[in-house]
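Please keep the sequence and the three-dimensional view at hand while reading.

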Amino acid sequence: MLVAELVENGLSLNKALRLVDLSKSSYFYRSKKASYEEKLVRRIKKLALENPAYGYRRLWFLIQKEGFEVSLKKFYRLYRKLGLSLCLRKKRGWRRTPRTEEAFPIEVAREPSKRWSEVDPIFWTGQPPN
């Protein structure tokens with residue numbers, strides 16, 4: 001910072017602050033927000049380690065119950081910054097078997113106006129075609 005450099009070069013603190021046009025209280029001010037955020041981050045990490053299956057909304061709810069005042073958007077930003085996001089689950093459902101030509105043979109149209117995609121009823125009964 002410029003004031004610190006001026007003081008190192010032999011200028012008094014008051015003169016350096018006057019030169020930069022900065023008040024003494026502003027120079028020595030330490031934000032309370034930073035310490036509050038540090039406490040919040042430590043608590044988020046601890047809760048996330050204790051409950052690895054919890055997502056950010058449930059953790060936010062627990063933080064709210066403990067008395068921390070933080071919006072959901074800010075909480076989500078901190079949560080992502082800490083790298084705590086859960087892995088997305090794979091969707092579970094029916095697994096399709098690969099379709100082969102043997103399983104669904106393409107029928108040839110045997111007469112006019114017959115759809116080519118229509119499956120022969122003999123195929124479904126298990127009897128060999130003529």
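## Aromatic residues and overall picture

Tyr 56 is partly exposed, with a relative accessible area of 22%. The residue belongs to an aromatic cluster that also holds Phe 75, Tyr 76 and Tyr 79. The model described here is predicted, and its secondary structure consists of seven helices and zero strands.

**Aromatic pairs**

- The count of aromatic pairs comes to five.
- In one of them, the rings of Tyr 56 and Tyr 79 have centres 6.0 Å apart and planes at 45°, so this pair is tilted.
- Tyr 56 sits in helix 5 and Tyr 79 in helix 6, so that the pair links distant parts of the chain, 23 residues apart.
- Tyr 79 is buried, its relative accessible area being 3%.
- Phe 75 and Tyr 79 form a stacked pair, because their ring planes stand at 20°, with the centres 6.3 Å apart.
- These two residues, Phe 75 and Tyr 79, are four residues apart in helix 6 and are therefore separated by about one helical turn.
- Both Phe 75 and Tyr 79 are buried.

**Fold and confidence**

- Along the sequence, the protein follows the pattern α-α-α-α-α-α-α.
- The average pLDDT of the protein is 80, and 72% of the residues score at least 70.
- Among the elements, helix 5 has the highest mean pLDDT, at 94, while helix 7 (residues 121-125) has the lowest, at 53.
- Of the 130 residues in the protein, 14% are buried.
- Among contacts between residues at least 6 apart in sequence, 31% join residues at least 24 apart.

**Nonpolar core**

- In soluble globular proteins, nonpolar side chains tend to be buried together.
- The largest nonpolar core of this model has 12 residues in all, among them Leu 40, Val 41, Ile 44, Leu 59, Ile 63 and Phe 68.
- Phe 75 and Tyr 79, already met in the stacked pair, are also members of this core.
- Helix 4, helix 5 and helix 6 are the elements that give two or more residues to the core.
- The most is given by helix 4, which provides five residues.
- Ala 48 is another member of the core; leaving aside neighbours within four places in sequence, Ala 48 is in contact with Leu 59 and Leu 84.

**Salt bridges**

- Side chains of opposite charge can pair when their charged atoms come close.
- Two salt bridges are found in a search of the whole structure.
- One of them joins the side chains of Glu 37 and Lys 74, with an N to O distance of 3.0 Å.
- This pair links distant parts of the chain, as Glu 37 lies in helix 4 (residues 32-50) and Lys 74 in helix 6 (residues 72-81), 37 residues apart.
- Glu 37 counts as partly exposed at 26% relative accessibility, and Lys 74 also counts as partly exposed, at 22%.
- The side chains of Glu 66 and Arg 43 meet in a salt bridge with an N to O distance of 2.7 Å.
- Because Glu 66 lies in helix 5 (residues 56-66) and Arg 43 in helix 4, this pair ties together parts that are 23 residues apart in sequence.
- Glu 66 is partly exposed, with a relative accessible area of 39%, and Arg 43 counts as partly exposed at 22% relative accessibility.

**Two loop residues**

- Ser 12 is located in the loop between helix 1 (2-8) and helix 2 (13-20).
- A polar atom of the Ser 12 side chain lies 3.3 Å from the backbone nitrogen of Lys 15.
- The relative accessible area of Ser 12 is 35%, so the residue is partly exposed.
- Asp 21 is placed in the loop between helix 2 and helix 3 (24-28).
- The phi angle of Asp 21 is near 65°, a positive value in a residue other than glycine.
- Asp 21 counts as exposed, because its relative accessibility is 71%, and the cut-off for that class is over 50%.

Conventions:
Residues are numbered from 1 along each chain as its sequence is written. Side-chain values use heavy atoms; hydrogens and water are left out. Buried means under 20% relative accessible area, exposed over 50%, partly exposed in between (1.4 Å probe, protein chains only). A polar contact is a pair of N or O atoms within 3.5 Å; within protein, one must be able to donate a hydrogen and the other to accept it, and residues adjacent in sequence count only if both atoms are side-chain atoms. A salt bridge is a side-chain nitrogen of Lys or Arg within 4 Å of a carboxyl oxygen of Asp or Glu. A nonpolar core is a set of buried Ala, Val, Leu, Ile, Met, Phe, Trp, Tyr and Cys residues joined through side-chain atoms within 4.5 Å. Contact means heavy atoms within 4.5 Å. pLDDT is the predictor's confidence in each residue, from 0 to 100. Rings of Phe, Tyr and Trp (its six-membered ring) pair if their centres lie within 6.5 Å; planes under 30 degrees apart count as stacked, over 60 as edge-to-face and the rest as tilted.
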